Amino acid sequence: MSETSGAGNAGPDTADSAETTKTTSGATIHLDNLTKRYPGNPSPAVDNVTMDIKAGETVVFVGPSGCGKSTTLKMINRLIEPTSGRIRINDEDVTDIDPVKLRRKIGYAIQSSGLFPHMTVAENIALVPRMAGWSKSKVKDRVEEMLDLVGLDPREFHGRYPRALSGGQQQRVGVARALAADPPVLLMDEPFGAVDPITRDHLQDELIRLQHELHKTIVFVTHDFDEAIKLGDRIAVLRERSHIAQFDTPEAILTNPTDDFVSGFVGAGAALKRLNLTRVRDVEMVQFPTVTVDDPLQSIFNKLRGGPHNELLMLDRRNRPYKWLRRGDLMRARGSLARAGQLVHDTVTRDATLHDALEAVLTDSGGRAAVTGRRGEFIGVVDMHTLMNSVQELLEADRLAAIEHQHDLEEMRAHQTEQELEGGAGA
Ligand SMILES: Nc1ncnc2c1ncn2[C@@H]1O[C@H](COP(=O)(O)OP(=O)(O)O)[C@@H](O)[C@H]1O
Ligand SMILES: [Mg+2]
């Protein structure tokens, strides 16, 4: 990204638009009566699935193990041939075209990354662009760009073999490989299923950030409803044989599950799960005084003494949160701040969920968390008070939505009864 973001510090959004002009964004996907019967099994693994996916949206398939999520996904890139039905991508019927050609337009990332162990990171990423006949130099540039995109330093990771990477790094390379040929569609089958919860959280945040830049059409499979809520623009809750129990936005599914199967999946604590639906960037952050490491001691003093806060945040030379400084720290500083204050060790990104932020605040001794932007730069602070306000607003909105829904139902029933009565009177 270093070459394209020469615009300086104009803010992440400006950098975005410059980058997205270079990439292909998403395509629509239509699944039309898609069915798969595996040989020797009389009942289909996927039974007549029809679904429209919009260009640039992230759709998550969520459902119990064995319900046919992977089979449905793999029919989209024809790793599994459908028994019947059609697949259209950007309104082109791709059900019968050469599957190898099709797969160049569709990135695919799976659990445990699926990297080839005998190839270096760079070779793995270069695979599809090479097959597509890109020139050597273009492939080389692309590999660097992709490593950068997924947050791995090209110089460090380029020549490594997959076994020399952590699980999370392997998953990142897997995503880089899937995106290397700039496909409009990205299929992901439980890609973060094999990593620890903290790494998974980070990878999810990264994916959200990537998607903000790239606007691909992503179909993501998981059995984890929290993951579905976090990542999906829309969620398809699937029951056995990939029958769609509900296909809607996370908000709609949480506040208005169609039946017991879906409620069962949403599970208890739906209100708390709402925390996963809101991002830090959507809440009002605390105005927090900052100073930088280069500020003279006297002006730092003055800032603390003059303002209503008894604490301020010191930023490093790249504007990243560095230390929390309290009045007492300054009193004891005796001319140098080198050892004063408390180092910031946990920050949340603006794309993190309130759930993540809450965790950071609850485990922070000062009860606050610094929020950072794409390049780690300081944006604001969240604390218990901000989060509580947001949660209360969410709950209130949920309550109103539920009342409205109840009201609609009652109206519908009244209407029905009316019609029945009229019908009765006419007969
Ligand atoms: N290659 C296969 N041959 C026969 N049956 C399969 C094959 N792959 C999956 N199945 C069966 O199809 C059903 C759906 O599997 P799958 O799509 O993997 O579900 P999920 O990804 O939701 O766990 C399961 O009953 C599974 O046993
Ligand atoms: Mg599966």
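1. By class, the shell around ligand 1 is made of four nonpolar, five polar and one charged residues. Here Ala, Val, Leu, Ile, Met, Phe, Trp, Tyr, Cys and Pro count as nonpolar, Asp, Glu, Lys and Arg as charged, and the others, Gly among them, as polar.

2. Before going further, please keep in mind that this is a predicted model, where local features need pLDDT of at least 70 and side-chain atom pairs pLDDT 80 or more, while totals for chains, interfaces and linings use all residues. Residues are numbered from 1 along each chain as written, chains are lettered from A and ligands numbered from 1 in written order, and side-chain values use heavy atoms, without hydrogens and water.

3. Which residues surround ligand 1? They are Tyr 38, Ala 45, Pro 64, Ser 65, Gly 66, Cys 67, Gly 68, Lys 69, Ser 70 and Thr 71, each with a heavy atom within 4 Å of the ligand.

4. Oxygen atoms of ligand 1 make polar contacts (N or O pairs within 3.5 Å). A polar side-chain atom of Thr 71 is 2.5 Å from a ligand oxygen, and a backbone N or O atom of Lys 69 is 2.9 Å from one. For a polar backbone atom of Cys 67, the distance is 3.2 Å. The protein covers 55% of the 550 Å² of accessible area that ligand 1 has on its own (Shrake-Rupley method, 1.4 Å probe).

5. Ten of the 13 residues of helix 7 are buried, so the helix is largely enclosed by the rest of the structure. Buried means under 20% relative accessible area (1.4 Å probe, protein chains only); among these residues are Gln 171, Arg 172 and Arg 177.

Conventions. Buried means under 20% relative accessible area, exposed over 50%, partly exposed in between (1.4 Å probe, protein chains only). Helices (H or I, at least four residues) and strands (E, at least two) are DSSP runs, numbered from the N terminus. A polar contact is a pair of N or O atoms within 3.5 Å; within protein, one must be able to donate a hydrogen and the other to accept it, and residues adjacent in sequence count only if both atoms are side-chain atoms.
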